[in-house]
2 protein chains.
Amino acid sequence: MHLPNHFRFAGLHCGIKPSTKSDLALVVSDLPAAGAGVFTQNRVRAAPVRLTEQRLPASDIRGLVVCSGNANACTGEPGWRDAVRMAEIAADKLGCRPDQILVCSTGVIGQRLPMEKIEAGIDLAAKNLASDRQSFAAAASAILTTDTRAKISSRIISFAGSEIRLTGFAKGAAMIGPNMATMLAFVLADSAVPCQHLQNLARQAAQETFNCVRVEGHTSTNDSLILLANGAGPPLPNEGLKEFDAAVTAICADLAREIAADAEGASHLVTIRVTGLPSKEEARRVAIAVADSPLVKTAIFGADPNWGRIVSAAGYAGVDFEEKNLSLRLGDFELYKTGTPARFSQEDASAYLKNNREIDLHLSFDLGTETATVWTCDLTYEYVRLNAEYTT
Amino acid sequence: MHLPNHFRFAGLHCGIKPSTKSDLALVVSDLPAAGAGVFTQNRVRAAPVRLTEQRLPASDIRGLVVCSGNANACTGEPGWRDAVRMAEIAADKLGCRPDQILVCSTGVIGQRLPMEKIEAGIDLAAKNLASDRQSFAAAASAILTTDTRAKISSRIISFAGSEIRLTGFAKGAAMIGPNMATMLAFVLADSAVPCQHLQNLARQAAQETFNCVRVEGHTSTNDSLILLANGAGPPLPNEGLKEFDAAVTAICADLAREIAADAEGASHLVTIRVTGLPSKEEARRVAIAVADSPLVKTAIFGADPNWGRIVSAAGYAGVDFEEKNLSLRLGDFELYKTGTPARFSQEDASAYLKNNREIDLHLSFDLGTETATVWTCDLTYEYVRLNAEYTT
């Protein structure tokens, strides 16, 4: 892991979650950082989303305070004041203006934040801030809800004799849908990048990565991707910016795949590739129809190479094609070829599903050259258990 | 039950299903009947769907042969010939032209029909045809797949001194999505109705009833609604036609609700009513977003009055509104009022979900006067079990 310079981290349990799991993260840049973000497209937007969105893009962000276990969504005017207050408390501890602090929350909808606990938590976190890996890991853990593990990705790029370090961390698990999800993702870098460039990059990287993750099509109230670049390194020339953009996008792609792989109750990470359609939009529509089909997702859980469900999901995606235009592969198995069932070993294809946690579906059409890739997971007993028994 | 005159029925096991469950139904009208139908909008359409669609509307339909356990979908040219052959065999037994016979299939995708068994089955069914209730019940059972019970609805209307009898039967269970579903539904009547009128009625009744059922959003390859009116009664004047249309629509609504209530693994029938939006289309979009959310469906299974999931599903339906425009009721419980959580007893609302198999959700907006109603069911362990272990 390549932690960027001049960032410090803390993560701890302040008492939002009923368990002893950590639930408050504080991330501080010692230098004013360029900041940018993209947020949920849901009409119902949590207070911290509205507050943080207002503050970005900006060129002098100092910190990020995240609480997990409570989304501070659908909490009306009092919830808005709580979000504002979280930033004020952190700003007070760090000696900066409140509008230099970004706020995120994730968890249960419709409950007020326990502000006394959060105030004490931010106070303690500010005292614990450190730049070592352990402190970073504590912060990356404190943003999780039903995730089973932290999601972290890191890159290092060299330019003009100096190194630029980038590290991202994220949480996912539930409500992973179109246009972002109950997903928080942060990418920190120690390069100098204009905040407007960062804002364009955030939009584009989200579109190419997080927006290609489909767990259940339920967009959340709190989705946020935030990029911070604190300028500890030298300003980047155009070529350096390109490399920087590619590194940020690669980190986002890593985190997006990790989110799909660790979705609630998932036993398979499914990569759905669609090729050969006239437009990207059509390719994406087919991929999403397949990814969202509970019949496809349960078949994968059941290790059933059920091409009929996949082909029929493609059939209702709203894309014009005839059966003969479509072929389908599952891993190396050709299941369906130009409109008719192919010969394959049901047993071997089922074994491929049983023995691999990561599996590939490829729907190829002969109607064009555009492609799309979407990541999803299977639908399991554990998904039902977690969501029938857990109040989000 | 009011069986229409001059129809005869048979249902039996011919060997398509590995179990001993019945899998072949034959319905015959002794008089040439006006026939109409509407079919799946999936790009992947089973052979029997394409064949039957070609033959409708028509004024001289004599029979209907339905097999269950095999969808005859994705079977290419040989599958087409099998569908044609099914009609030929039935026509031969009944002494009519093949194009007077309609064919439907439902079940596993991508496998050839066992035509020898089907030929013997149609032969036997033709010998068993009878107009009594038991024979009708045998036919209504023979079209089922993973349904736990037959779906039947009946009406009688009086006009100009004579009685008109209408009876519908259907199968549902899996792949219940937009624009019809793996759903076969048949409504038989002994009135005289022009086939073009019947065709318009089929389209409108499907839109108002079956197309409002959302189990999983996966449109099937085989959905069909077929109406037959055999003219045993007197021609209907305009006023009588209106009453006839209302009776057919009411039967379709009964069958649609039955399909949602008996969806695979369902433990709740959920009626989602959306009111107060500027257009029907927007109301329908909100209802469908809520109906399709696995998070909403698992919460209902878990008896969790989780209004946050419902409100946030409405939020991504692509309809413009502010939180304050929306209120939500679950049965008699007001959960959310003009943008803020309402006070209600979590315990009582949970008990309502636990103690009622049929539950109501009402999302009311203050942005217009248009409404929509959609029926769905919850997402249960049993749904996952059935679909992970059953090859459709």
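Buried area is the accessible area that two parts lose on being put together, summed over both. In the predicted model described here, the area buried between chain B and chain A is about 4,300 Å². Carbon and sulfur atoms give 58% of that area. Chain B and chain A each bring 53 residues to the contact.

The arrangement of the two copies was examined by superposition. Chain B is placed on chain A by a rotation of 180° with 0.0 Å of shift along the axis, and the RMSD is 0.0 Å. This is the relation of a two-fold axis. The same surface serves both copies, in that 100% of the contact residues of chain B recur in chain A. Among the residues of chain B, B:Tyr381 comes closest to the rotation axis, its C-alpha lying at 2.8 Å.

Between chain B and chain A, 4 salt bridges are found, and 10 residue pairs are in polar contact. On the side of chain B that touches chain A, two or more residues are given by each of helix H8 (294-301), helix H9 (307-315), strand S12 (340-341) and helix H11 (381-389) of chain B. One salt bridge joins the side chains of B:Arg43 and A:Asp320, with an N to O distance of 3.4 Å.

Over all chains, the count comes to 15 aromatic pairs. The ring centres of A:Phe169 and A:Phe186 lie 5.1 Å apart with their planes at 40°, so this pair is tilted. The two residues belong to distant parts of the chain: A:Phe169 lies in strand S6 (residues 162-171) of chain A and A:Phe186 in strand S7 (residues 184-189) of chain A, 17 residues apart. Both A:Phe169 and A:Phe186 are buried. Together with A:Phe9 and A:Phe136, they form one aromatic cluster.

A further pair, formed by A:Phe301 and A:Tyr381, is edge-to-face, with 5.4 Å from centre to centre and 85° between the planes. This pair likewise links distant parts of the chain, 80 residues apart, with A:Phe301 in helix H8 (residues 294-301) of chain A and A:Tyr381 in helix H11 (residues 381-389) of chain A. A:Phe301 counts as partly exposed because its relative accessibility is 25%. A:Tyr381 also counts as partly exposed, at 28% relative accessibility.

Terms used:
Residues numbered from 1 in each chain as written. Chains lettered and ligands numbered in written order. Predicted model: local features only at pLDDT ≥ 70, side-chain atom pairs only at ≥ 80, totals over all residues. Heavy atoms only, no water. Least-squares fit on C-alpha atoms with pLDDT ≥ 70 in both. Contact = heavy atoms within 4.5 Å. Phe/Tyr/Trp six-rings, centres within 6.5 Å; stacked < 30°, edge-to-face > 60°. Helix = DSSP H or I, 4+ residues; strand = E, 2+ residues; numbered from the N terminus. Buried < 20%, exposed > 50% of the residue type's maximum accessible area, 1.4 Å probe, protein only. Buried area = accessible area lost by both parts, 1.4 Å probe. Polar contact = N/O pair within 3.5 Å; in protein donor to acceptor, adjacent residues only side chain to side chain.
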